[in-house]
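Please look at the model before reading on.

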Amino acid sequence: MGILNITPDSFSDGGRYFSGAAALARARQLAAAGADILDIGAESTRPGSLPVGAAEEKARLLPVLKALRQELDLPLSVDTYKAEVATAALAAGADIINDISALTFDAAMAGVAARSGAGLILMHMQGTPHDMQADPHYEDVMAEIAAFLAQQVAAAAAAGVAPDQIVIDPGIGFGKRLEDNLTILRELGRLEELGLPLLVGPSRKSFIGRILDAPATERLEGTAAAVTAAILQGAQIVRVHDVAEMVRVARVADAIRDGAPGA
């Protein structure tokens with residue numbers, strides 16, 4: 001899953017693809033590099049960020065989404081927690097809703113997914129983007145993530161969302177300490193008991209920066225290590241900025257996990 005941020009303030013590439021032309025060019029690059037899915041976000045959810053109104057989010061998102069739908073044959077995911085934005089995005093050609101709040105910020109989101117039949121990614125987060133890194137705390141991070149995701153999967157099902165629409169995401173970097181992120185990568189397999197596809201998004205995250213003492217632009221190798229760990233622990237989707245490099249990383253990790261192709 002390649003990341004396309006149409007924002008002025010995302011943590012790693014804010015402003016680089018904010019114009020329509022730049023966003024379209026970046027999307028073409030990600031597709032050519034081997035992305036299987038494009039995840040398009042028009043509101044930054046970096047630590048400390050403030051919400052963007054639905055009207056502004058749609059104004060940023062929809063022109064790019066409509067152009068991409070006409071041009072690319074890839075599944076398009078929209079990174080939003082607002083039912084109003086998701087509804088407009090699906091009408092413009094999106095295939096997947098990527099809800100970082102797992103239906104908790106907008107009660108109408110489950111119904112949008114159920115009526116449309118769109119894919120639905122449910123992510124764990126402690127707090128909100130604005131305050132999530134203020135003082136996150138867990139007694140057993142994996143048990144708490146699993147319990148929350150099971151609860152939200154049940155809520156989606158109660159609203160009519162089919163199991164084969166749902167993907168779960170433990171939310172690396174979203175209300176997590178360094179040790180929590182490492183535990184998630186080490187023990188991701190504990191989430192397989194939920195019986196749903198796993199998505200992991202470690203790309204360029206601050207926990208990698210803390211380990212390497214490196215800025216966001218210098219975290220490629222750390223991202224590769226995290227992506228490998230996630231795949232070996234059962235992740236089916238990895239959400240990344242550096243698609244060409246992570247496609248190669250994923251091919252090797254898949255071969256380690258599943259056996260070399262043709263072997």
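Questions and answers on this predicted model follow.

Reader: In what order do the six strands of the open sheet run, and is the pairing parallel or antiparallel?
Author: Strands of a sheet can pair in either sense, through backbone hydrogen bonds. Here the sheet is open, and its six strands follow the order 1-2-3-4-5-6. The pairing is parallel.

Reader: Which residue in strand 2 stands opposite G2?
Author: Strand 1 pairs with strand 2, residues 38–41, over four bridges in the parallel sense. Opposite G2 stands L38.

Reader: At what angle does helix 1 run to strand 1?
Author: Helix 1 covers residues 20–33. It lies across strand 1 and strand 2. Its angle to strand 1 is about 175°.

Reader: Is L182 buried, partly exposed or exposed?
Author: L182 sits in helix 6, residues 178–187. With I211 and L212, L182 makes a nonpolar surface patch of about 250 Å². Buried needs under 20% relative accessible area, and exposed needs over 50%. L182 has 31% relative accessibility, so it counts as partly exposed.

Reader: Which helices are among the elements covering the buried residues of helix 6?
Author: The buried residues are D180, N181, T183, I184 and L185. Their cover includes strand 7 (199–200). The cover also includes helix 5 (141–158), helix 7 (206–212) and helix 8 (220–232).

Note on methods
Residues are numbered from 1 along each chain as its sequence is written. This is a predicted model: local features need pLDDT of at least 70, side-chain atom pairs count only at pLDDT 80 or more; totals for chains, interfaces and linings use all residues. Side-chain values use heavy atoms; hydrogens and water are left out. Two strands pair if DSSP finds at least two bridges between them. Helices (H or I, at least four residues) and strands (E, at least two) are DSSP runs, numbered from the N terminus. Contact means heavy atoms within 4.5 Å. Axes are lines fitted to C-alpha atoms, for helices over the stretch in contact, and angles run from 0 to 180 degrees between N-to-C directions. Patches are made of residues with over 30% relative accessible area and no salt bridge: like charges are joined within 9 Å, nonpolar side chains (Val, Leu, Ile, Met, Phe, Trp, Tyr) within 5 Å. Accessible areas come from the Shrake-Rupley method with a 1.4 Å probe; for residues, only the protein chains shown count as cover. A salt bridge is a side-chain nitrogen of Lys or Arg within 4 Å of a carboxyl oxygen of Asp or Glu. Buried means under 20% relative accessible area, exposed over 50%, partly exposed in between (1.4 Å probe, protein chains only).
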